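Subject: Structure handover

Hello,

I am passing on the structure we spoke about, for you to look through. Please open it next to this message and read the two together.

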Amino acid sequence: MSLPKDDAATLSARWSQGVLLKRDVFSTVERGRFRADGGEVEGVLRRLDQVPFWSFGLALHLFSRERRALTLARDLDVGPKLLWAGRRALVRGFIDGVALHLAKPRGDVAYFRSAKAALRKLHRAGICHNDLAKEQNWLVGRDGRAYLTDFQLAACFKTRSRLFRIAAYEDLRHLLKHKRSYAPEALTPMERKVLAKKSAVASIWLKTGKKVYQAITRGIFNFTDREGGGRRLVNDAPVLVDLIRRNPEVRDTAIVAFADRRVGVGLYAFVEADQSALEKTLRNELAAAKGIKPPEHIQIVHALPRDAAGKPRTEILQLVAMNQVDLIEPMMKSDADREFLRDILEQRKNLRDRFNFEVAEMDRLSR
């Protein structure tokens with residue numbers, strides 16, 4: 001399904017393709033550059049031209065909701081600024097930051113203070129996000145502030161009706177759930193009361209509507225969105241990890257997902273071992289295991305980046321796999337992490353989607 005001629009003409013003249021961030025049955029999302037009136041800026045494009053016909057109606061509905069919400073929130077500075085919107089494509093500004101589930105702001109009270117302020121601004125403008133349970137819809141900016149993204153389920157209200165108040169309450173409750181995960185000691189008594197009490201609408205939704213929603217999205221649409229990884233990350237990755245670890249030369253492995261222009265969602269396996277030649281052996285072993293598709297990329301590394309508990313820092317691996325190298329630097333917390341970068345960046349496998357400034361960024365990070 002192609003874009004309308006006016007949309008296609010605008011993108012052809014003003015959009016420079018960059019990194020593919022996500023592609024599913026509802027849209028294609030990529031990061032690149034947009035020629036705005038004041039000059040070229042970084043942006044994020046959502047387009048519907050690769051959406052299958054059977055999900056197009058719902059995809060267009062979600063697109064329209066996002067376009068309206070971003071239009072109303074244009075000057076609030078709590079989310080991406082709408083740079084251009086057509087009938088089946090829009091470009092929003094790029095926020096220099098990473099998703100909550102990647103940044104993991106443990107104990108960062110200031111971040112959650114800014115998150116609450118951002119939500120207050122949004123609600124004063126009559127906008128309820130309605131999808132803030134997902135950590136990937138909260139961003140931790142390079143400036144340390146909280147930003148919201150992905151407004152496809154957002155609802156815009158002209159009055160503070162009862163429905164608005166319920167939706168706003170649920171937005172707040174989901175924010176406080178994230179605060180409980182990363183900064184529980186900062187929760188106030190009132191916030192704990194909010195966490196303990198779902199709205200009646202939310203309770204009914206969990207018992208009825210959510211089950212129907214999951215049956216449709218996961219059953220009919222075959223759509224699963226765990227950190228943007230889809231069904232392969234949920235179903236295939238654990239099996240592949242187990243198979244890879246059976247090789248005696250493998251010390252550990254971690255698998256992350258990345259968007260791929262050819263296959264939709266690809267898997268990238270980082271394998272901790274000493275022998276770089278092990279990649280070919282692992283590919284042969286995985287190919288011999290019938291019934292599961294091997295990862296698109298396997299990279300042998302001398303050491304995986306690890307957190308204080310010794311677990312692989314998949315948030316860093318995720319950004320490497322997605323070629324968003326420029327977002328990694330704020331997440332470096334030790335010399336060991338920086339050593340990992342020097343070991344991995346020049347050898348990484350997914351090189352099809354890259355910005356032209358990335359070589360300089362790699363040099364800076366590796367110093």
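Below are the notes on what was found, going from the whole chain to single residues.

**How to read the notes**

This is a predicted model, in which local features need pLDDT of at least 70 and side-chain atom pairs count only at pLDDT 80 or more, while totals for chains, interfaces and linings use all residues. Residues are numbered from 1 along each chain as its sequence is written, and side-chain values use heavy atoms, with hydrogens and water left out.

**Overall**

The protein has 12 helices and 13 strands. Both are DSSP runs numbered from the N terminus: helices are H or I with at least four residues, strands are E with at least two. Of its 367 residues, 51% count as buried. Buried means under 20% relative accessible area, exposed means over 50%, and partly exposed is in between, with a 1.4 Å probe and protein chains only. Among contacts with a separation of 6 or more, 64% are between residues 24 or more positions apart. A contact means heavy atoms within 4.5 Å.

**The sheet β6-β8-β9**

In this open sheet, 3 strands follow the order β6-β8-β9, and the pairing is antiparallel. Two strands pair if DSSP finds at least two bridges between them. In general, strands of a sheet pair through backbone hydrogen bonds, either parallel or antiparallel. The edge strands here are β6 (97–99) and β9 (146–148), each pairing on one side only. On average, neighbouring strands of the sheet are turned by 35 degrees against each other, direction ignored.

Strand β8 covers residues 138–141 and is joined to β6 by 3 bridges. Across that pairing, A99 stands opposite L139, and G97 stands opposite G141.

**A second hairpin**

Strand β4 (residues 82–85) and strand β5 (residues 89–93) pair in the antiparallel sense over 3 bridges. They form a hairpin with 3 residues between them. W84 stands opposite V91 in β5.

**Helix α4 and its neighbours**

Helix α4 lies across β8 and β9 and runs at about 40 degrees to β9. Helix α4 (residues 109–124) also packs with helix α5 (residues 162–182), at an angle of about 170 degrees and with the axes 11 Å apart. That makes α4 roughly antiparallel to α5. Axes are lines fitted to C-alpha atoms, for helices over the stretch in contact, and angles run from 0 to 180 degrees between N-to-C directions. Angles under 35 degrees count as roughly parallel, over 145 as roughly antiparallel, 65 to 115 as roughly perpendicular, and the rest as oblique.

From α4, the residues in this contact are F112, A115, K116, L119 and H123, and they meet F164, A168, D171, L172, L175, H178, K179 and Y182 in α5. By class, the contact has 8 nonpolar, 2 polar and 3 charged residues. Ala, Val, Leu, Ile, Met, Phe, Trp, Tyr, Cys and Pro count as nonpolar, Asp, Glu, Lys and Arg as charged, and the others, Gly among them, as polar.

**Cysteines**

How many disulfides does a search of the whole structure find? It finds 0, a disulfide being a pair of cysteine sulfur atoms within 2.5 Å. The sulfur of C128 is 8.8 Å from the closest cysteine sulfur, that of C156, which is too far for a bond. C128 is buried, with a relative accessible area of 0%, and C156 also counts as buried, at 14%.

**Two single residues**

D24 lies in strand β1 (residues 15–24) and counts as buried at 17% relative accessibility. The C-alpha atoms of D24 and P52, 28 residues apart along the chain, are separated by 9.4 Å.

A196 is in helix α6 (residues 189–196) and counts as exposed at 69% relative accessibility. A196 and R173 are 23 residues apart in sequence and 9.0 Å apart in space, C-alpha to C-alpha.

Regards
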